[in-house]
Each structure stands twice: as C-alpha cells, then as structure tokens.
Amino acid sequence: MTAHRPLSGRTALITGGSRGIGAAGAGALAAMGATVIVTYRSARAAADDLARRLQSEHEVPVHAVPFDLTAPETAPESAGGLIEAVARITTGVDILVANAAAPYPRAPLLELPAQQLAAKVGQDIAATHRLVTALALGMLERGYGRMILIGSLHAEGPCAPGMTANGVSKAALAAYARYAADELTGPGVTVNVVHPGYVATEASSHLPPAIPTALAALTPSGRTGAPDDIAGVIGMLTRDEAAFLNGACIPVAGGLNQPVAFRRLNL
Ligand SMILES: NC(=O)c1ccc[n+]([C@@H]2O[C@H](COP(=O)([O-])OP(=O)(O)OC[C@H]3O[C@@H](n4cnc5c(N)ncnc54)[C@H](OP(=O)(O)O)[C@@H]3O)[C@@H](O)[C@H]2O)c1
C-alpha cells in the first residue's frame, strides 16, 4: 500500500458503474489502486470501454458484469447472480458502492400507482440488502470494509414535484443504512449514505435547464454537482482516516444541503 495508491490490494464493487456517478466513482477508486468491478444493466459496450480505459490508465484489473436490480431473483443478472459472478472474480469485496437504482414513475402523488411506488422501494432496498448481507461478514473477518450507499437529498425533503417514489425509496435507504451500521459494522467496517444534490448525468437530463440554473444560483458553492464531486467523497470514505465515520448520511451538494421546494421557484 502506498500513500497515493491507498487501495492497492483492495477490491471495489460499484453497481450502475457504466456511466454517471458510478463510472466516476469507479475511476476514483481505480486511481487509488483498487481492483474494480463495475456493473451495467444495458450498456455493456460502455462498461467494457470504461473497464479498458481505467485498466490502462491506472494499471489495475477492472471487470464489467451485468446486474439489473429489477430482474427476478433467479435471473443471472439479479443481485444473487451478481454475487456469484463477483465470487468468480475475487475472494472478497472490500468496498461496495451501491449506486444503481430502480426506475420510477415521475408522477403527481394522486396519479402515482401504489404498485409502482411499492416496486421502486422494494427493488432498491431488496438489492441493497442482498449485497450488504452477502459482503458484510467477509469485510468484518478481514477488518476492513466500506459500504457506501448512494441516496439523494430527496430523502430529506422539501419535495420535488413528481419525485415521491424516489424520495420515499431514498429515505428508506437512509433508514436501512442506520440498521446496517448498527448490526453489521465493527472496527474498520462502516456503512454510510452519500446524498447527492443535483448532478448533471443522463438520469437528470430530463429536467428543464432552468432548474440546474436556479439551483446553481442558490448553492453556496456557486454551481451544481458533477459526477466527480460525488466520486471524490466516495474515495474519501474508503480511506483509513474515515474509519470512524459510520452510519452517517452525508449531503454532497455544495452547501445546498436541503433540496429546495421546486414548486416555490416559479420556474
Ligand atoms: N444525477 C442526480 O442528480 C442524482 C441526484 C441524487 C442521487 N442520484 C443517485 O445517484 C445514483 C446514480 O445516478 P446517475 O445520475 O449517475 O444515473 P445514470 O447516469 O443514469 O446511470 C445509471 C447507472 O445505473 C445503471 N442502471 C440503470 N438501471 C438499472 C437497474 N435497473 N439495475 C441496475 N443498474 C441500473 C445504468 O446502467 P446502463 O447504463 O447499463 O443502463 C448506469 O450504469 C442513483 O442511485 C441516483 O438515484 C443521482
């Protein structure tokens, strides 16, 4: 282990790593010397390209494997299938970045189908639970582990129009992390939630440009987030110096640490 490659000898699993925040997180951990496993749902070519690029830039092994958290339990791309695929690559995952999230309908509360609300929360939490419980004991045995769950400021409100399913699921994730930190961590092993504010990615590209512009003006740091802003915090959480930061929800939003009530912005 060296000062600038502190993750040398460690393995990181990053779900939803083919683009956006997950891909940036994979880059940060590869740069720190970790062997990296990224998952993709549909963009296999993008994930393979990323793996090749990180491998050549940082001289670490990088693997791309399929994972779809909406897949039925018996499917090879389910959480169970992912755990089996990972076991064929490595004897132990030291860092889990649970970044992938299920799709959700953007709908006013009165038009949100109960079944789709339940599916979003169920798929996000079930996949997180499967990965956390499959990996935590190995981390405890080895005395080092970082479980980093990617939440959202929407977990904490005020509320963004049409985002009920996402906000409820991310709030459930934050509650889940508190229980996981209580039961499944110990010296050297932590679980924390990173709550990004608005980050320019494909997932946020549907928003009208007036929203990021207004958010930048409201943000103490004077801009909105980029995937690398979240990746930097993911990297920070893996450091030995962060071993006592446990069970926390960390807003990463340039100081705009509560989402604004979009409804009142009159955009
Ligand atoms: N962007 C924001 O403003 C923002 C703010 C707060 C929180 N977040 C959270 O940050 C995380 C990443 O978001 P992002 O903006 O980086 O998204 P993104 O750019 O759209 O990337 C999504 C990633 O997840 C994968 N994915 C999509 N559906 C999946 C599924 N059903 N099962 C497994 N993987 C799936 C995609 O794979 P393919 O490319 O192969 O389809 C891709 O790698 C999410 O948890 C999101 O809720 C984002």
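Tutor: Helices (H or I, at least four residues) and strands (E, at least two) are DSSP runs, numbered from the N terminus. This is a predicted model, where local features need pLDDT of at least 70 and side-chain atom pairs count only at pLDDT 80 or more, while totals for chains, interfaces and linings use all residues. Residues are numbered from 1 along each chain as its sequence is written, and side-chain values use heavy atoms, with hydrogens and water left out.

Student: How many salt bridges does the structure hold?

Tutor: Side chains of opposite charge can pair when their charged atoms come close. A salt bridge here is a side-chain nitrogen of Lys or Arg within 4 Å of a carboxyl oxygen of Asp or Glu. The structure holds 8 of them. One links Arg 52 to Asp 49, with 2.7 Å between the closest N and O atoms.

Student: Where do Arg 52 and Asp 49 lie?

Tutor: Both belong to helix α2 (residues 44-58), and they sit 3 residues apart, about one turn of the helix. Helix α2 also carries Arg 53 and Glu 57, 4 residues apart and so separated by about one helical turn. Their side chains meet in a salt bridge, at 3.5 Å from N to O.

Student: What does the salt bridge between Arg 142 and Asp 94 tie together?

Tutor: The side chains of Arg 142 and Asp 94 meet at 3.3 Å, N to O. Arg 142 lies in helix α4 (residues 114-142) and Asp 94 in the loop between α3 (79-89) and β4 (95-98), so the pair ties together parts that are 48 residues apart in sequence. Arg 142 is partly exposed, at 40%, whereas Asp 94 counts as buried, at 6%.

Student: Which residues come nearest to the ligand?

Tutor: A residue is near a molecule if one of its heavy atoms lies within 4 Å of it. Of the 29 residues around the ligand, Ser 18, Arg 19, Ala 43, Asn 99 and Thr 201 come nearest. For atom pairs, look at Lys 170: an N or O atom in its side chain is 2.9 Å from a ligand oxygen. Ile 21 instead uses a backbone N or O atom, 2.8 Å from an oxygen of the ligand.

Methods:
Buried < 20%, exposed > 50% of the residue type's maximum accessible area, 1.4 Å probe, protein only. Polar contact = N/O pair within 3.5 Å; in protein donor to acceptor, adjacent residues only side chain to side chain.
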